[in-house]
Amino acid sequence: MTIIILEIQIILTPLVSPLCAGVINKIKARLQNRKGASIFQPYRDLWKLLHKDEIISRDASWIFRIAPFIVFSITLLIGASIPLFTSFLTNTLTGDMLLIVYALAIGTFFLALGGLDIGSAFGGFGSSREMTLSALAEGGFIFSLLTIALINGTTNIFAIANADIFLHGKYLFPTLLAFGGFLVVLLAETARFPYDNPATHLELTMIHEAMILEYSGKKLALMEWASFNKLFIFLALWVNLFFPIGLAYTPGVITISMGIIIFMIKIFLGVLLIALLESSMAKFRFFRLPDLLLISFILNAIAIGLIR
Amino acid sequence: MLEIITSPISFFILLSLFFVGAIGSLLLRKDDDSANIWSNFFAIAGSLWGLLFSVATIISEHTAAFLVNGSPFPLLSFSFNIDLLSAFFIFIISLIALFCSIYAVGYVRHYYQKYNIGALGFFYNFFILGILLVLTASNGIFFLIGWEIMSVASFFMVIYDRDDQENVKAGFLYLVMTYIGTAFIVVAFLLLYKFIGSFDFVTIKSGVALLPIGAKNIIFLAALIGFGVKAGIIPLHIWLPAAHPAAPSHISALMSGVMIKTGIFMMMRLFLDILQPIPIWWGIVVLIIGIISSLLGVLYALTEHDIKRLLAYHSIENIGIILLGLGSALIFSSLSMPALAFLSLVAALFHTLNHAIFKSLLFLGAGSVINQMHTRNMEEYGGLIKYMPQTAFFFLIGSMAISALPPFNGFFSEWLTFQSLFQGIAILDSSMRWLFILAVGALAFTGGLALACFVKAFGSIFLARPRSTEVTHAKESPRSMLIGMGALAMLSFLFGIFSSQTVSLLEKIGRSFDVLQKIPETILVSNSQGLMIENSFSSVSGLTFLLSLVGALIVVAIIIDLIINRSQKIKIGATWDCGTDLNPRMEITSTGFARSIVVIFKGILKPSIQHTIDYSDSESRYLPRTRTVSLGVGDVYKSYFYQPILTMITSLSMRVKNIQSGNTNIYVLYILIALLVSLFSIL
Amino acid sequence: MNQIFLQFLLGIMFLTIVFLHLSKKNFSASIAYGIQSLVIVLFFLNSFFETNNLAILLVVFLMLIVKVILAPLFFIRLIKKNALAFSVSTYLNTPLTIISIAILTFIAHYQKFSPLTSIVPANQDSLSLALSAMFLSLFLIINRKGALSQILGVLSLENSIVAFVIFAGLEQNPALQIGIMFNIGIWILIATIFMSMILKHFGTLNVSSMNNLKG
């Protein structure tokens, strides 16, 4: 039984993440009065990319070649290390919140290096902007996780997910503040509005897209998939840490299925919110973004101050 | 067996190895090659001995305090005290010196025929000798002798490459700042002598109750400034970005990895050991200094395009992180929370070790690159990964370590520092909490900004196309340099994976402090796989992370490469160039990379931009011939802090100058008057 | 030899210093220095007869050779070589010099210095005299403009310190004396070289014209 659960835990992230991206696009299309692509379109895109040939720039080095693998593996690892639909799996080895933050930073590191490696203007600027935003977002990220950690008395993510929601209502307000702060960071790290437009390919507006512009074929598939995984991971963290309800407490077919279903519903709500946000606002000018991140940081700091 | 290794005789053998290396190197100065081999051989031998000695001391906890008789002066006694903290720092210096010396065998070759290699070997060995004396001296005056040896030897090495006038100026600034620091240290020691009556550290420690509180605070401030100059805290750091680039690279590595840590060592020794019990505001001051130094250090590093200045600023940043650990240790110890103080201290010690390793690695890598490129300007690098692949790989590991990416060692020491600060937030009350919240924020931002800075550094140096023709002439470094760097990279990796074992050894060192001995239960429980803080607050395991990451990589690689679409063809083509010619100007420069961050932080960094246009026709000003843009960062410290002091001192000196009439007779008259006055006042 | 003879010798030494102040010719100044050194040698000889310490005998011989014979010879040769027959003038004229000498001697005998001079209470007068000899030697350096006189002043300062030490009963440390020998030897060598260099560079040994020493 446990083996099946573990396998589901490992596979769930890469399996479901393209679906999330597809649903976001579908909702946005509907809001724009279009029919939009099928929600399974990202799967088809990945399949297509995996079966295409590649062109690699002659200026690229082994870093360019290895970066997609590292970025994707990191997201796999993190996806398996965070609570998705269960809370009884204890993971004291890789379930620490700081490890998650910095492991995702490894992904950002290699992504940015991959963008620099090809020596194009797009890649360079993409990396520059990405590192700027990532450096500033890290503060808010750590702080929002810290709020929840302090409320629960542990930085182990699984242990946090095991706790009662809002600790019986005592910490409602700090949790909500941290929730809002985490949302801002989520949008930054997953390259969504108002930070980045995942659909654009204009050099003035690209951040994530700029760094992976030169990739093609299998490597591009891995990069795209990794970005879907990252979105899924952040959504999972968002909904499970701040609202740890519906997670399976004990192993058993019923509880696991209920856990997965409730988890999917929560993810869907998160996806809906993101799609609504993306449809209602425009991308911000780049130098307004640090202010936004600073707001997130301050919100989280206030949340921490309100604990106790 | 261990007794013999950790005995005083063994320590003297250690000192004499370096001494012989120094003298022999000077005697062999006519022959570059033999001077190089001799000095580095003895440095390597001494380092190996030092490693053996320190590891044996730490494992067996067999500390030694001994005295060498024969001092002609009553206040100076050649007394040594090698306790666990000294042994730990001896371990650090031996480790770094070992690999820097191996590196130096190949590196120094490019100074042959230009400068005196014998002199370099002489000063190098004396430098290490001085540091060893500083770490083990138990008498204030003896300590100062070692401090002087260390400072003067490093000065001569900083100005070693004296063809470049900038280096000489940097050396002079370094010397002046060092002596200002030493003056403050002397003041601290003199005050201790005045109230306790001895320069001996053990006596001072037992007599610390005799100090009135006002004097104790002044001693704290003097020691903080004095040792802070050496450690490179802001605003006393102005010598660091000038002196570290000027010295030869293996010396920069030693200076940055070890010498600035002697300041930290003495701060730990004085504040946590000798002067206990301490008021809480001391820890608060140190914590604030840590916050400021770490943030400003990394921000200034982002503005640099000189590779070694960038690394020097990162040293300032990491000293700030170590001070975060030390400051919280001081705060917890004065609030009588020894368990938390222990945690913070272990974090600070671990980060000291880790920083020494990865900073030396980065400096050695920078040295290899500069050797080939003959310039320190990162804007002229680019694409070196194809010409110097091993150096690039080692530099990558160093970059990952300093950016605190798991599974390298930097992550684990920052993790521990974070944990100690988290505990502070969890346990302390409101006013102190906000300080710790601020510290966590500073550490979080520092980590992110350091990552950005090293993406910039690694990307500008090694990736993309060459930005100058010099790059195409670059060759991989000689084997000794690669061995030095490779070993440090391996250590960086190993100390990360085996962080739990390292931390358990560090716990021993932490427990050797008197104030931390009464810990009811350990807060840091390291089982064989990972680090764990008590009450299951946090735990992390480097080994598991590494294994799972490697496992995931292998699985992904197999699936993607071998299973899906095996018939894929990979073509090599040109980068997408939007139809124009590909040239180096298309790549982002390191200045451009960091410009966004500089603009965001423009309140702190005060960037300036200056346009100069040279027109063909100065009358009509329509057709520019050349246009120069100068980007700069405002030097706040020079203009607001040092310049007023300098002006004041200069005007004072001009007035005092009138005493100097140029006539020797007047001078002897001054002597006679001074003699009479002093005789009158003493008798 | 008894104490009275020793005190008499000390008086001779004191007079030589006063003579150094007042002399106009360098030749006689060098001879005065030789006499001073001879006095010190006699002090050490007396000490040898009292303690029969062979080391002191060695010191006596060394001192005899270096201080009494070689040093004045060096100076005389220097004078002849550079034609420095007449010593240059002083800052204070002769009456004021004598008054200053008197004031310094009085200060040395002042009771404020009694903790210093009563190390050996029996010799208190001699110690005060030696102390005043020290002050006078310093004053010699201050007052005189010629470099040679200043060097003689330093050397006589050294002699007065040795006399002080002897009367305070501390001369049993021969290492001290050999050190002083060595010191003098080097000093003389350097002084000769230095003075000839100054002469070559400035053309004169008149110290007040060497204004380039001004900061």
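## Domains of chain B

Domain bounds here come from an automatic or database domain assignment. For chain B, this assignment gives domain 1 (279-561 + 592-600), domain 2 (604-634) and domain 3 (641-682). The centres of domain 2 of chain B and domain 3 of chain B, taken over C-alpha atoms, are separated by 48 Å.

The model is predicted: local features need pLDDT of at least 70, side-chain atom pairs count only at pLDDT 80 or more, and totals for chains, interfaces and linings use all residues. Residues are numbered from 1 along each chain as its sequence is written, while chains are lettered from A and ligands numbered from 1 in the order in which they are written.

## Contact between the chains

Chain A contributes 69 residues to the contact and chain B contributes 66 residues, where two residues are in contact if their C-beta atoms, placed from the backbone, lie within 7 Å. The largest share of the side of chain A that touches chain B, 17 residues, comes from α5(A). Helices (H or I, at least four residues) and strands (E, at least two) are DSSP runs, numbered from the N terminus.

## Strand pairing across the chains

β1(A) pairs with strand β6 (residues 570-573) of chain B in the parallel sense, over 4 bridges; pairing requires that DSSP finds at least two bridges between two strands. Within β6(B), G573(B) stands opposite S57(A).

## Two helices of chain B

The axes of helix α12 (residues 280-303) and helix α13 (residues 307-334) of chain B come within 7 Å and cross at roughly 160°. Axes are lines fitted to C-alpha atoms, for helices over the stretch in contact, and angles run from 0 to 180 degrees between N-to-C directions. α12(B) and α13(B) are therefore roughly antiparallel to each other (angles over 145 degrees; under 35 count as roughly parallel, 65 to 115 as roughly perpendicular and the rest as oblique).
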